[in-house]
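Please look over the structure shown here.

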Amino acid sequence: MLVLGAVLTQILHIALMLGAAPLAVGLIRWLKARMMGRRGASPLQPFRDLAKLCAKRPLLADNASVVSEAAPYLALAATLVAASLVPGFARGMAFASAADLVLVAGLLALARMALALNGMDAGTAFGGMGAAREMSFAVFAEPALLVSALSFAILAGTTNLDQIGAVFRDGALGLRISLGLAAVAMGAVALAENARVPVDNPATHLELTMVHEAMLLEASGRHLALWEYQAGLKLTLWLALIAAVFLPFGAAPAGSGPLAWLVGLLAWGAKMGGLCLALAVFEGAIAKMRVFRVPEFLGAALLLALLAAALLFVSTGFA
Amino acid sequence: MLTALALGLALLGLLAGVALVPAGRWAGPVVLGGSALLSAGFALLAIGALAIGLPEGVLVLPFGPAWAGMSLALDGLSAWFLLLLGLVGSSASVFALGGPRQGLVAWPLFLGGMGLALLGADGFTLLLGFELMSLASWALVALDHREAASREAARLYLVFAALAGACLVPAFGLLGALDFAAIRAAPPEGWRAVAVLALGLIGAGAKAGLVPLHLWLPLAHPAAPSPASALMSGVMTKLALYVLARLLLDLCGPVQPGWWGVPLLAAGAASALLGALRANLEEDAKVALACSTIENVGLVTMALGLALLFRGADLGPMAALAAGAALLHAMAHGLFKTLLFLVAGAVQHAAGSRRLDRLGGLIHAMPRTTLLALIGLGAAAALPPLSGFASEWLLLQALLGGWRLGEIGLQVAAAAALALAAMAVALAAAAMLRLFGLAFLGRPRSPRGAGAREANRFELAGMAVPAVLTLLIGLFPGLALALAAPGIRVLVGPAAMPPVVGLAVGAGEGHSAYAPLVVLLLLGLVLVLLWLVVRRRSPALAERGPAWNGGFIDPPPEFVFGDPLSQPSAAGMAQPLRRMLGGSLLAGREAVTMPPPGDTRPARLEAGFEDRAALALPVPAARLRDAIADQVERLRGLTLRGSLSLGFATLVGLLALLAWLEAR
């Protein structure tokens, strides 16, 4: 029964993540459009775009290699495996024991490498520039993420996301300043990893300022559909990750029944919707920063995460 | 078993002798084939010893220094590094069979010196092997001595090797005995122990390329032929780390305080960051790989420092985790760096250059080499499920457990080290992408590169062995660590358990675990499903057309490889990191000279960097040498009476010293 429940919740979680990915992108676009006084396309528009692109054959550059054909599949597969590890509406899913934060970071690095290789494959200027910038941003995002993980490791004693969520959900920790600082750091990393404003602009048409889209300039047809889907899934993954760690309320505990799942589903939907709204408001209120200001932005995140850990050192030292 | 190993060493010496005989065209195959077979034998014996049981006791040779015979022994630590030596030695020897026959005398001596250093069970034997290794590898670096740069690299290498020897000999001398068992029974204490720490760190650090003693490494490793570079980066730096671990963790023993780990942690973190950053800026493939070696040596040193810290704080499982990370990463790096250096050699052979700005598009001409390079690249960039990720996962978990040290200073140090290690890992990924993307993807950048051919079968075989091992260690890190368990016990105490959960690795009881096999299965399953779903909806094959490139117009027909300006260059790929980090850490500079309007001169962009840390020690040292030389020059101007009194005073002084020593 326990195993069955774990497998069922895992399958449901993967299906939810897959469904939520285009929806989150569409929802954020729609919310931003409404806030800017436009009518905006329906939140379901990304589904239509993906369906159209997916049916089209891709056009590859003359000297593109097998990398261009394999990279989108690899990137999406790595992102999907990472997304299946991040806890969603329920705890104790089938992959819970493998849900390690460092592994999730590694899988996202694998997807990032596939994306950057794709950018360099055709030997075009924009692709190489985007790849170099994407990898450079990761140089600042990765330490901020891992030092945030240090705060969780101190409080929960592990980097397993399922256990972190379970420990934080018990509420024995209460509100902590250090967790707030870590949340800000994680949020900044999430913005950079997902190429959102102020690091990159997902809706840009000016090639010189873009990073993520620059690597996809040569992608078309079903390959472009896979890349778009991967970007949406990565965004959903990060929102779910932040929800799982910092907003662990309402998730169905391990081994619970369908009623708890329903409550968990509602809570998860509300959390994800709230995070989408917060992201839309933030993006609508802030301007994109220059590329070479990004290290300062992410460096501040790293400092906040270090401060969070240092606060914990001091407070656990007195405890 | 020890006899067999000693026999193997003797046979390697014999092979060096064979190379001296003018045996015509058979010398190469005999020497290199023999080296490959003997190295494979070493690897088999080492794996047997680790899996079945280590040989007891010590083999005392009937010759050696004046006071005793040389002694050989094999314990968990030396067997683990002997395994690495065997694996890398055999694949590099096979690879060398497919290239020009150079340095045939030095090659077996290099392998034998490393083997002797590993098997030595007393300070004399270890140092003898170590110095033999240094000299033989110097000969390999100086092989291309008609090139001024090569001569320069060899001279610098010799100076640093001499520095390493000059520090390690007194470090072993201060231990109070030569026989390892006797040292372990009475480890040094007080100021002597601190002196051993300082001398050992400088001596082994100079050989391993730890910052700030890394000046020689990016010059010397690429100057040697590629198989020798692979051996130097893959194994020789690990030997220096072996000496460091043997000296500080094993011989000085658990009586030493935990703060001994702090200098190792600091030097390791500095090396990891600086090496990885430089790997992003260098424009020569082999130099970039050598800089990445500095990074990985730094990561292993960090893990060793953490093991010392945890051992000093009585955190047994955490110490075992850190020691496991050190040993696994040493093995993983040894193999994937060998693979990458051999790939660089194959590329140089096929495309005529190792400058990234003359390569490009090799994936079309060398598909097999590209696949092997991709495996090495993935491991070096710490991507799951390859070997680099498994070992760096362990290291990051050990760093994430640094808060258990209790003391707030050490906790903050561990947190800072975690940030630097994470940054180094991400920098390594960026460097590997740049290396691979520029060399193998895109369009050719030179006519010679456009005419490249696939590597020959010896080269492919030599590259395939470390590639397969990289995959295997990545998928079964638990088995590798189980083999390393005797080595972990040597480092952190007889009760240590390796951080293993079945076939996976785990960060201790109730903590996180990483099961690469599960990750690979999931990835494979998702890939197949994705492929089926997408191709069902869109079954047509891809069309081909000119690159869109943001609407850039087609180049004129005389540009055979397209417009060179529309493809990223090595310096261009390095630009973001040079501006973001290089400015402060590597004195990076960038200046645009823009002629005034109406002037027909082209605008110029000057960019570059200077590794100040590398020059921080050698430049003052050279100044000191000149000052001393000036002073000594004055002696030549002494009068006859002055010279006589100086000689007399020296004689009296030495006699007084002798009398004082006799009286003690």
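## Model and domains

The model is predicted. Chain B is divided into domain 1 (1–226), domain 2 (257–506) and domain 3 (635–664). Taken over C-alpha atoms, the centres of domain 2 of chain B and domain 3 of chain B are separated by 54 Å.

## Helix packing in chain B

Helix H2 (residues 27–51) of chain B packs with helix H4 (residues 106–119) of chain B, their axes coming within 10 Å and crossing at roughly 15 degrees. H2(B) is therefore roughly parallel to H4(B), since angles under 35 degrees count as roughly parallel. On the H2(B) side the contact is made by B:Val31, B:Ser35, B:Ser39 and B:Phe42. H4(B) contributes B:Trp107, B:Pro108, B:Leu111 and B:Gly115. The crossing of H2(B) and H4(B) is left-handed.

A second pair consists of helix H12 (residues 285–312) and helix H16 (residues 387–400) of chain B, with axes 10 Å apart and an angle of about 40 degrees. That angle makes H12(B) oblique to H16(B). The crossing of H12(B) and H16(B) is left-handed. B:Leu299, B:Met302, B:Ala303 and B:Leu306 of H12(B) meet B:Glu392, B:Leu395, B:Ala398 and B:Leu399 of H16(B).

## Strand pairing in chain B

Strands of a sheet pair through backbone hydrogen bonds, either parallel or antiparallel. In chain B, three strands form an open sheet in the order E3-E4-E5, with antiparallel pairing. Strand E3 (500–501) and strand E5 (513–514) of chain B stand at the edges; each has a single partner strand, so one side of each is left without a neighbour in the sheet. Strand E4 (residues 504–506) of chain B is joined to E5(B) by two bridges. B:Val505 has B:Tyr514 in E5(B) as its bridge partner.

Strand E7 (residues 589–593) and strand E8 (residues 604–608) of chain B run antiparallel and are joined by five bridges. B:Ala591 stands opposite B:Glu606 in E8(B). E7(B) is hardly covered, as the count of buried residues among its five residues is zero.

## Contact between the chains

The contact takes 74 residues from chain A and 68 residues from chain B. On the side of chain A that touches chain B, the elements that give two or more residues are strand E1 (59–61), helix H3 (66–85), helix H4 (101–121), helix H5 (125–156), helix H8 (221–246) and helix H10 (294–318) of chain A. Of these, H5(A) supplies the largest share, 19 residues.

A:Gly221 lies in helix H8 of chain A. Is this residue buried or partly exposed? A:Gly221 is partly exposed, because 19 other C-beta atoms lie within 10 Å, whereas a buried residue needs 20 or more.

Leaving aside residues up to four places away in sequence, A:Gly221 touches A:Leu53, A:Lys56, A:Arg57, A:Pro58 and A:Leu59 in chain A, and B:Ser538 in chain B. The C-alpha atoms of A:Gly221 and A:Ala55 are separated by 7.2 Å, although these residues are 166 residues apart along the chain.

Methods:
Residues are numbered from 1 along each chain as its sequence is written. Chains are lettered from A and ligands numbered from 1 in the order in which they are written. This is a predicted model: local features need pLDDT of at least 70, side-chain atom pairs count only at pLDDT 80 or more; totals for chains, interfaces and linings use all residues. Domain bounds come from an automatic or database domain assignment. A residue is buried if 20 or more other C-beta atoms lie within 10 Å of its own, exposed if 12 or fewer, and partly exposed in between; C-beta atoms are placed from the backbone. Helices (H or I, at least four residues) and strands (E, at least two) are DSSP runs, numbered from the N terminus. Two strands pair if DSSP finds at least two bridges between them. Axes are lines fitted to C-alpha atoms, for helices over the stretch in contact, and angles run from 0 to 180 degrees between N-to-C directions. Angles under 35 degrees count as roughly parallel, over 145 as roughly antiparallel, 65 to 115 as roughly perpendicular and the rest as oblique. A crossing is left-handed if the near helix is turned anticlockwise from the far one by less than a right angle, and right-handed if clockwise. Two residues are in contact if their C-beta atoms, placed from the backbone, lie within 7 Å.
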